[in-house]
Amino acid sequence: MSTVGLVLISHSPKIVEGVKDIISQVVQNVSIELAGGTDDGQIGTSIEKIQAAIEQAKGEKGVLLIYDIGSAKMNAELAIEMSGLDSIEIAEVPLVEGAYVAAVESGMNKTLEEVKASVEKGF
């Protein structure tokens, strides 16, 4: 895929599924992968789920991670370190609004740096 991939990370699988539903109404050409909840579907986050989502979302232009609260950021940072990939960034934005803007910007074939800057500029 030639766009920046997105990984949405939340403590709840339902939250990221809902955000993806919203985004999919306006953007269809961007890889949006989900890492919601723990490995057994409970409230929390999972480094393994984040790693798997990164693998699915990565492409030529890289991956942007957007998270909800607290330990989600810490697990996102660990997943990035463990991935060994260079073109991964974390956006410091609200999950719903940030993911929406990131998907639109990515769908316009912008680079990872351009997508992250556009998203963070708005918040």
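How many salt bridges does a search of the whole structure find? The search finds 4 of them, a salt bridge being a side-chain nitrogen of Lys or Arg within 4 Å of a carboxyl oxygen of Asp or Glu. This is a predicted model, in which local features need pLDDT of at least 70 and side-chain atom pairs count only at pLDDT 80 or more, while totals for chains, interfaces and linings use all residues. Residues are numbered from 1 along each chain as its sequence is written, and side-chain values use heavy atoms, with hydrogens and water left out.

**Salt bridges**

- Glu92 and Lys73 join their side chains in a salt bridge with an N to O distance of 3.0 Å; because Glu92 lies in the loop between β4 (88–91) and α4 while Lys73 belongs to helix α3 (residues 71–83), the pair ties together parts that are 19 residues apart in sequence.
- Helices (H or I, at least four residues) and strands (E, at least two) are DSSP runs, numbered from the N terminus.
- Glu92 counts as partly exposed at 40% relative accessibility, and Lys73 is also partly exposed, with a relative accessible area of 27%; buried means under 20% relative accessible area, exposed over 50%, and partly exposed in between (1.4 Å probe, protein chains only).
- Glu89 forms a salt bridge with Lys116, where the closest N and O atoms are 3.1 Å apart, and since Glu89 sits in strand β4 and Lys116 in helix α5, this pair ties together parts that are 27 residues apart in sequence.
- The side chains of Lys110 and Glu105 meet in a salt bridge at 2.4 Å, N to O; Lys110 is partly exposed, with a relative accessible area of 23%, whereas Glu105 is buried, with a relative accessible area of 14%.

**Packing of α4 and α5**

- Helix α4 (residues 95–107) packs with helix α5 (residues 112–121) at an angle of about 145 degrees, their axes being 9 Å apart; axes are lines fitted to C-alpha atoms, for helices over the stretch in contact, and angles run from 0 to 180 degrees between N-to-C directions.
- On the α4 side, Gly98, Val101, Ala102, Glu105 and Ser106 meet Val115, Ser118 and Val119 of α5, where contact means heavy atoms within 4.5 Å.

**Nonpolar cores**

- The largest nonpolar core has 20 residues, and those with the most contacts inside it are Leu6, Leu8, Ile23, Ile32, Leu64, Ile66 and Ala102; such a core is a set of buried Ala, Val, Leu, Ile, Met, Phe, Trp, Tyr and Cys residues joined through side-chain atoms within 4.5 Å.
- Two or more residues of this core come from each of β1 (5–10), α1, β3 (63–67), α4 and α5, and α4 gives the most, with 4 residues.
- A second, separate core of 17 residues includes Ile54, Ala57, Ala79 and Ile90.
- Leaving aside residues up to four places away in sequence, Ile66 touches several residues, among them Val7, Leu8, Ile9, Gly98 and Ala102.

**Surroundings of Pro13**

- Pro13 is found in helix α1 (residues 13–24) and counts as partly exposed at 22% relative accessibility.
- Not counting residues up to four places away in sequence, Pro13 touches Gly36, Gly37 and Gly41; Pro13 and Gly41 are 28 residues apart in sequence and 7.3 Å apart in space, C-alpha to C-alpha.
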